[in-house]
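Visitor: Please give me a close look at a single part of this model. Keep it brisk, and spell out your cut-offs as you go.

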Amino acid sequence: MKKIVLLSVFLVNFLMAEPSAEAINQGNESYKQREVMCSLDELFEGLKKTLMQSKMNIVTVTKENGVITAKGDQYNEDTITEITVSISFKAVGSNTSSVGMIASYNVMEKKANTGQIGFAGITLPIPVPLTGRYAMIGSGHIDESSWYQGFYNSLDKVLFEEKMKSL
């Protein structure tokens with residue numbers, strides 16, 4: 001019972017703590033990394049579970065080097081946004097670990113293929129159905145602090161649930 005109360009107090013304090021507005025607005029990108037109170041093994045498992053719940057496909061896992069990369073796609077009517085995430089993690093202490101993340105995106109737009117029909121020296125393009133191709137229209141790094149905060153909130157929830165299961 002005492003453990004549950006302590007974990008609950010810890011979680012409430014952790015969730016109510018907000019990142020410093022100065023740190024986010026100064027451009028030092030401190031919102032891309034944080035320390036969590038768990039072992040390296042717990043963090044590793046929590047990261048994998050959070051990525052899977054976020055519908056990201058894990059591409060590379062190197063636990064010894066502390067690196068996980070993952071990719072995921074978001075589909076709209078006319079575009080596909082591919083998100084690539086690279087996460088590094090390491091132990092800071094016996095029950096504290098550090099995690100940092102960099103994310104980038106590529107946006108591709110669907111372009112219809114066309115064929116040609118012609119006679120008497122005149123050719124006209126005609127759309128060919130069901131043979132769309134995609135052209136890249138934008139790419140870059142995700143620098144939105146709320147995107148990273150959402151990921152870390154999901155990670156905190158997964159880590160908390162795993163701690164509660166182990167009690």
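Guide: Start with lysine 163, which is partly exposed at 24% relative accessibility. Buried here means under 20% relative accessible area, exposed means over 50%, and partly exposed is in between (1.4 Å probe, protein chains only). The model is predicted: local features need pLDDT of at least 70 and side-chain atom pairs count only at pLDDT 80 or more, while totals for chains, interfaces and linings use all residues. Residues are numbered from 1 along each chain as its sequence is written, and side-chain values use heavy atoms, with hydrogens and water left out.

Lysine 163 pairs with glutamate 42 in a salt bridge, 3.4 Å from N to O. The term means a side-chain nitrogen of Lys or Arg within 4 Å of a carboxyl oxygen of Asp or Glu. Glutamate 42 sits in helix H3 (residues 40-53) and lysine 163 in helix H4, so the bridge ties together parts 121 residues apart in sequence. Helices (H or I, at least four residues) and strands (E, at least two) are DSSP runs, numbered from the N terminus. Glutamate 42 is partly exposed, at 34% relative accessible area.

Lysine 49 and glutamate 162 also form a salt bridge, with their closest N and O atoms 2.9 Å apart. This pair again runs from H3 to H4, so it ties together parts 113 residues apart in sequence. Lysine 49 is partly exposed at 26%. Glutamate 162 is partly exposed at 34%. Shared partners join Lys49, Glu162 and Lys165 into one salt-bridge network.

The salt-bridge count comes to seven. One of them links arginine 34 to aspartate 156, at 3.2 Å from N to O. Arginine 34 lies in strand S1 (residues 33-36) and aspartate 156 in H4 (residues 145-166), so this bridge spans 122 residues of sequence. Aspartate 156 is buried, with a relative accessible area of 8%.

Now the nonpolar side. A nonpolar core is a set of buried Ala, Val, Leu, Ile, Met, Phe, Trp, Tyr and Cys residues joined through side-chain atoms within 4.5 Å. The largest such core has 23 residues, and Leu43, Leu47, Ile87 and Val99 touch the most other members. At least two residues each come from H3, strand S3 (67-75), strand S4 (79-91), strand S5 (97-111) and H4. H4 gives the largest share, five residues. Leucine 47 contacts (heavy atoms within 4.5 Å) Ile68, Ile87, Phe89, Val99, Phe151 and Leu155, leaving aside residues up to four places away in sequence.
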